[in-house]
Amino acid sequence: MKIALAATLFATSALAQSTLLVTNQTDRSLTYIDTVAGKVIDTIPENGVTGHEITTTPDGKIAFVPMYGSAGVGKPGTDGAEIQVVDVASHKIIHTINFGHGVRPHKPVYDTHRNVLWVTTEIDQSITAIDPKTYKVLYSIPTGQAESHMLVLSPDGHHAYTANVGPGTVSVLDLDAKKLVTIIPISKNTQRITITNDGKYVFTSDQVEPRLAVIDTATNKVKNYVALPASGYGGAITPDGKTLILCLVHANKVAFLDLATMKVTKVIPVGEYPQAVVITKDGKRAFVSSLHSGTIDELDVVKQEQVKSIFSGKGADGMVLVSAK
């Protein structure tokens, strides 16, 4: 009995160290959520207009929040020129990276192969590398397309793929040669992007028809399209590589897509206008942000059901999970 209790307490303690950081577009804030207690433990102002996405250094100590601007992608508004650097432990902004001109910086991704931070810089039609220690802007790689909004890196670190919203394309970039490889047509409009754990396939959602484009990274061509119950959006793949959890943005639901059969196996309701998904390292829990309801839905991945819903802030969007050391 004591052994079982001790094991339970240890597991709970370990889980309690997991914190979800959420960018809230409308509130222009960053929320800290204790994922075990299921509650907000702090909210700090972003000091900018406005953060959509977030990532951290591999040790989870420093977070980066690009300040995109005052409008949605492709819409008139201000063009953000900064990235806020946050000390995760102290809950404070410790530095501001300035590009010197409006670029609408959006999706940040940490490259462990080069130890640089990549961020999409839409106005410049590029992705830009930043030194995560000195915070210096290093160089850019052109995407050849407008509205390069989202970004993923191949697991081997050789390539990057951007979802170019208005053009409805995906750009393939050679990170070693620092050049554009090719542009893949998808649709009249596309959104978000995900890559399989083995790097063989890239997924992006058609925003005109309810379908998911499957890109074969060996050929850099669309292999096929997977029919969806509604328009897809952001998603994440489970650590075992078997399932894609995909937001169905206009249906206020998420779909579980079996990657072996490329079939949707289950659809469950979440908050209003779901944006993004993050999954715990053990693959047991997932968190879904919803822009219009401002909520974070916790999902049981094994049972494929909702566990709880937490209000994060108005315009809940990008997320990252960090663990205290």
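Colleague: Between which two strands is the loop in which Thr-238 lies?

Modeller: Please keep in mind that this is a predicted model, in which local features need pLDDT of at least 70, side-chain atom pairs count only at pLDDT 80 or more, and totals for chains, interfaces and linings use all residues. Residues are numbered from 1 along each chain as its sequence is written, and side-chain values use heavy atoms, with hydrogens and water left out. Taking strands (E) as DSSP runs of at least two residues, numbered from the N terminus, we find Thr-238 in the loop between strand E20 (232-237) and strand E21 (243-248).

Colleague: Does Thr-238 count as buried or exposed?

Modeller: Leaving out residues up to four places away in sequence, Thr-238 touches Asn-197, Thr-243, Ile-245, Ile-279 and Val-301, where contact means heavy atoms within 4.5 Å. Its relative accessibility is 4%, and the word buried is used under 20% relative accessible area, exposed over 50% and partly exposed in between, with a 1.4 Å probe and protein chains only. Thr-238 therefore counts as buried.

Colleague: What relative accessible area does Glu-305 have?

Modeller: Glu-305 belongs to strand E27 (residues 305-311). Apart from neighbours within four places in sequence, Glu-305 is in contact with Ile-268, Glu-298, Leu-299 and Asp-300. It is described as partly exposed because its relative accessible area is 37%.

Colleague: Which residue in E15 does Thr-169 stand opposite?

Modeller: Strand E14 (residues 169-174) pairs with E15 in the antiparallel sense, and six bridges connect the two. Within this pair, the residue opposite Thr-169 is Pro-185.

Colleague: How many bridges join strand E16 to E17?

Modeller: Strand E16 (residues 190-195) runs antiparallel to E17, and Thr-190 stands opposite Asp-206 in E17. Their hairpin has five residues between the strands, and in it Gly-199 takes a positive phi near 75°. The number of bridges that join E16 to E17 is four.

Colleague: What is the bridge partner of Ser-205 in E18?

Modeller: Strand E17 (residues 201-206) is mostly covered, since five of its six residues are buried. A hairpin of four residues joins E17 to E18, and E17 pairs with strand E18 (residues 211-216) in the antiparallel sense over six bridges. In E18, the partner of Ser-205 is Leu-212.

Colleague: How much space lies in the largest cavity?

Modeller: A cavity is a set of points on a 1 Å grid over the protein atoms alone where a 1.4 Å probe fits but cannot get out, and lining residues have an atom within 4 Å of a point. The structure holds one cavity of 30 Å³ or more, and its lining includes Leu-30, Glu-46 and Ile-93, while strand E3 (39-45), strand E5 (62-67) and strand E6 (82-87) each supply at least two lining residues. With grid points joined across faces, edges and corners, and volume taken as the space filled by probe spheres set on the points, the largest cavity holds about 30 Å³.

Methods
On a 1 Å grid over the protein atoms alone, a cavity is a set of points where a 1.4 Å probe fits but cannot get out, and a pocket is an open set with protein on both sides within 12 Å along at least five of seven lines; lining residues have an atom within 4 Å of a point. Two strands pair if DSSP finds at least two bridges between them.
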